[in-house]
Every structure is written in C-alpha cells, then in structure tokens.
Amino acid sequence: MTGKPKVALIAGVGEGLGRSLARRFAGEGYATVLVARSAERLARIADDIEAEGGRGVAYVADLREENAVTKLFEDVEKELGPIALAVFNTGANYRNSILDTPADMFEKVWRLSCYAGFLVGREAARHMVPRGHGTLIFTGATASLRGSAHFAAFAAAKGGLRQLAQSMARELGPQGIHVASVIIDGVIDSPRMHERFRERMAQLPADGALQPAHIAEAYWQLHNQPRDAWSFEVDLRPWAEKF
C-alpha cells in the first residue's frame, strides 16, 4: 500500500462541464487534477473544491504541445499518484462557411479538439496499460456524428476524435483500459453559453439545456461500469432536442 489517493485528471476545465466533472470526482474522494491554460481560473475552481471538502489540484498546460502533455502526466503520477481516470474535455467550436474558413483556423480547431485528444489519450494509455486498468473518456459533440453546414472545421475535428477513441477502445479494452466517448447532443447550461448566446438560452424550454452536474454523473457511472458490461459510447441530450 502506497497510501496515495485515487487520481482523476480532467484535461480541459472551465466554468461549465469541466468544473462539474472535477467536483463530482473530488466528491468521491479522488485527488482531482484540473488542467487548462488559465492559472487564475484553475486556482479559483480548485479553491472551491477544497472549500467543499475535496481535493483539487491545478496544473497549467497547453494540451496542444506534446512535451507539455508528457510532462503533465509524469508530474501528476510522481506528485499525486497513479491516474485512475483521464477525461479529455477540450474543444474549439467554430462556425463559418467553408468558403470563408481560413486554413490556419481549420488547423487550430483540429489541434485543440482532436490532436490534443491524441496526446492526452496516448499519455494516459502509456501509464495505465502497465497497470492493467484505468478509464479514459473523450467528450464529443453532435458534430462527432454529423457534419452540419458551416461547421466543417469542428465536425472534422470532433469526428476524428471519435474515431481515435474507437480505435483506442478496440486496442486497449483487452488490456483492461475502458475507453469511452460521450456525445453531448445539445446545449450545456453554462456561464459561457449564457454570455455568448443569451437570447438562445432564454428561449429554451424548462430542462431544455444539459445540466453540467447531470453530465458529470454519466461520466461517473461510465467510470464505475463493470468490465463485463462496458459502454463505448453514450449520447446525452435534453428531452426537447431533435435528433
């Protein structure tokens, strides 16, 4: 026995889903690693978790940089303990006509929403496989399944992320690693959405937006599935959302 805590790493923590994921796992006794580029935001969320009786540890890292991601996992494993769960929760939703989409923007969206997922997933696997257990969850979107007009960059990135997760699940499942994809098919009720799309959010019916805490509960359940009944993909959407 090492006495080290169970560790959950949330790659991509903002005020919405990432924060709720961190709180959910911290509430279960996990040392929860909060990863993003904003030190100020991470410190605030970590302080909130500590005030609730949990343990939140902030790590600032650019998930698009290979060396930064490698160092992140090495540091967490050395300083906190073995990572039992890793969630890739970053993305860059970009909307524009394909005629007006700059090449560098297409690449930027792909790097944050797909390439960074590869880096996080690979490093998580490198640490989990020798132990023969672990959970890796990728946050997807409607665009993971359907390329809508004006969302070519986002759909290409999220679609690629889903295929990455599927490939990893097939390779790593027999080695004891549970890889899952969660399709978020709807609007998340978050401060950012209310700020950017105030009118749209106001028009939603009651329970017409996904509550971050309810999404986080689904991630917790995925992490605790017995391995004779693992899910690869779960889709979550409000009752009023068309699909």
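Buried residues account for 50% of the 243 residues in the chain, where buried means under 20% relative accessible area, exposed over 50% and partly exposed in between (1.4 Å probe, protein chains only). The model is predicted: local features need pLDDT of at least 70, side-chain atom pairs count only at pLDDT 80 or more, and totals for chains, interfaces and linings use all residues. Numbering starts from 1 along each chain as its sequence is written, and side-chain values use heavy atoms, with hydrogens and water left out.

The chain contains eight helices and seven strands. Both are DSSP runs numbered from the N terminus (helices: H or I, at least four residues; strands: E, at least two). The radius of gyration of the chain is 17 Å, close to the 18 Å that the globule rule gives for 243 residues, so the chain is as compact as a globular protein of that length. This radius is taken over C-alpha atoms, and the rule is 2.2 Å times the number of residues to the power 0.38. Along the principal axes, the C-alpha atoms fill a box of roughly 55 × 40 × 35 Å. Of the contacts (heavy atoms within 4.5 Å) with a separation of 6 or more, 72% are between residues 24 or more positions apart.

The seven strands form an open sheet with parallel pairing, in the order 3-2-1-4-5-6-7. Strand 3 and strand 7 (233-236) are the edge strands, each pairing on one side only. Neighbouring strands of this sheet are turned by 20° against each other on average, direction ignored. Axes here are lines fitted to C-alpha atoms, for helices over the stretch in contact, and angles run from 0 to 180 degrees between N-to-C directions. Pairing requires at least two DSSP bridges between two strands.

Strand 2 (residues 31-36) pairs with strand 3 (residues 55-60) over six bridges, in the parallel sense. Ala-31 stands opposite Arg-55 of strand 3. Together with helix 2 (residues 39-51), strand 2 and strand 3 make a right-handed β-α-β unit. Right-handed means that, with the strands pointing away from the viewer, the path from the first strand over the helix to the second runs clockwise. Strand 5 (residues 134-141) and strand 6 (residues 177-184) run parallel and are joined by eight bridges. In this pair, Gly-134 stands opposite Ile-177 of strand 6. Helix 8 (residues 212-223) lies across strand 4 (83-88), strand 5, strand 6 and strand 7, at about 160° to strand 6.

Leu-21 lies in helix 1 (residues 17-26). Leu-21 is buried, at 0% relative accessibility. Beyond its neighbours within four places in sequence, Leu-21 contacts Ile-10, Val-87, Asn-89, Ala-216 and Tyr-219. The C-alpha atoms of Leu-21 and Glu-217 are 8.1 Å apart, although 196 residues separate them along the chain. Ser-20 is also in helix 1 and is buried at 13% relative accessibility.

Val-87 belongs to strand 4 and is buried, with a relative accessible area of 0%. Not counting residues up to four places away in sequence, Val-87 touches Leu-9, Ile-10, Ala-11, Leu-21, Ile-137, Thr-139 and Tyr-219. Val-87 and Leu-136 are 49 residues apart in sequence and 5.8 Å apart, C-alpha to C-alpha.
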